[in-house]
Amino acid sequence: MIENSVKNILEKVKSAHTLDRSEVVALLNFGGEELIRAADETRRQYVGDGIYIRALVEFSNYCTRTCFYCGLRAENNKIHRYRMNPDEIISTAKMVSEKGFRTIVLQSGEDCGFKIDELCRIVEEIKKNDIAVTLSIGEKSFDEYKMLKSAGADRFLLRIETTNKELYQKYHPKMSFKNRLRCLDDLRTLGYEVGTGSLIGLEGQTVGMIADDILFFKKINVDMIGIGVFIPHPDTPLGVTAAGDFELARRAVAVTRLLLPDINIPATTAMETLKPNGRGLVLEAGANVVMLNAAENEEYKKEYSIYPDKAGINDSLDLSLTKLKKTLVPIDRNILISKGFRADNKAV
Ligand code: 5AD
């Protein structure tokens, strides 16, 4: 009975790329290998076998926020805080560009230590290389987003984390769900390619809430979706709660691919951290993007501890690239040298 209904739902979504809430819930609960295969086929059909690689630069771990799950939260005084200086960020960008990366992702905590003019100057300098710039620096005003766009930023990542307002409020004290939506809206208005996403496995989260997250992604039709899985960090209020379910998060990636067939979906580091070859398994379930950490200073990588024991924490960028290539051989996928915009997927 369940098997039949999963089959019917998959038939529908493969051609129409729409589902109602109860169908999303059914796939998240009961989707097996058939779901994964359907997502993989859709990925091949719409975005091809290429993998877009992005160089990730975590340029500051200072954060004014107190998100319950995150090791960078302001109240965690056990971590050592660092801030790369502008020249260091700019020279790292030059290095990754020379290595062939065509996208750099600049990520930080919500650090008020960087003034907007300084961030704009960094973006302008980096744009002198032939590279797309993605920012992942949190909530800003419309005018600040506008200045960064004018400076040359191409994309912005801001996960909604959860679309359930109560859960959002519980885990993001003194933050506003409404403002987060405003940010996503402003970014789209300003012409950024926009990425969002959610965390799977927060205590109190139900499969229905995850279905709502995915339907939200579909509704706002964003260009990128990063789905992470919760990993407890000991120095946070959620430090003793259980980690998220890898398989559920993988199914969420698969359903997201089926509903938004042409978008970019990363195989996130959290998935690789939770399970050996997690990244490969997610690339077979609809994902087509990998972000590799470009830090040259080993200490920065360790101190950017959103969650503990991050996969690849001791690997140089070159070694990460070698490991990724090894992962791609058995699944017949290849790295693309491309800025990898959503619009580029249409050319496949
Ligand atoms: N486990 C997994 N992912 C986490 N993030 C923050 N803390 C954790 C954690 N403990 C994710 C958030 C954020 C992204 C940069 O890292 O979803 O958006």
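Trainee: What covers the buried residues of α2?

Mentor: Welcome to this predicted model! The buried residues of α2 are Glu 23, Val 24, Val 25, Ala 26, Leu 27 and Leu 28. Their cover includes α1, α3, α9 (207-220) and α10.

Trainee: Is α2 roughly parallel, roughly antiparallel, roughly perpendicular or oblique to α10?

Mentor: Start with the geometry: the axes of α2 and α10 are 8 Å apart, and the helices pack at an angle of about 140°. Angles over 145 degrees would count as roughly antiparallel, and 65 to 115 as roughly perpendicular. The angle therefore makes α2, relative to α10, oblique.

Trainee: Which residues of α10 make the contact with α2?

Mentor: The crossing of these two helices, α2 and α10, is right-handed. From α2, the contact uses Val 24, Leu 27, Leu 28 and Asn 29. Their partners in α10 are Leu 248, Arg 251, Ala 252, Val 255 and Leu 259.

Trainee: How far apart are the end C-alpha atoms of helix α1?

Mentor: Good one to work out by hand! Helix α1 has 15 residues, 2-16, and at 1.5 Å a residue it should span 21 Å. The model agrees with that expectation, because the distance between the end C-alpha atoms is 21 Å.

Trainee: Why are the buried residues of α1 on the same side of the helix?

Mentor: The residues in question are Val 6, Ile 9, Leu 10 and Val 13, which are buried in α1. They lie on the same side of α1 because, around the axis, they cover an arc of only 105°.

Trainee: Which helices do the buried residues of α1 pack against, and which residues are exposed on the other side?

Mentor: Take the packing side to begin with: the partners of the buried residues are α2 (21-30), α3 (33-47) and α10 (246-259). On the other side of α1, the exposed residues are Asn 8, Glu 11 and Ser 15.

Trainee: Is Asp 40 buried or exposed?

Mentor: Asp 40 sits in helix α3. Leaving aside residues up to four places away in sequence, Asp 40 touches Leu 283, Glu 284 and Arg 333. Its relative accessible area is 17%, and under 20% counts as buried. So Asp 40 is buried.

Trainee: Are α4 and α5 roughly parallel or roughly antiparallel?

Mentor: The axes of α4 (residues 86-98) and α5 (residues 116-126) come within 9 Å and cross at roughly 25°. Among the residues that meet there are Ile 89 and Ile 90 in α4, and Arg 121 and Ile 122 in α5. Since angles under 35 degrees count this way, the two helices are therefore roughly parallel.

Key. Residues numbered from 1 in each chain as written. Predicted model: local features only at pLDDT ≥ 70, side-chain atom pairs only at ≥ 80, totals over all residues. Heavy atoms only, no water. Helix = DSSP H or I, 4+ residues; strand = E, 2+ residues; numbered from the N terminus. Expected span 1.5 Å × (residues − 1). Buried < 20%, exposed > 50% of the residue type's maximum accessible area, 1.4 Å probe, protein only. Arc of directions from axis to C-beta. Contact = heavy atoms within 4.5 Å. Axes fitted to C-alpha atoms, helices over the stretch in contact; angles between N-to-C directions. Left-handed = near helix turned anticlockwise from the far one by under 90°.
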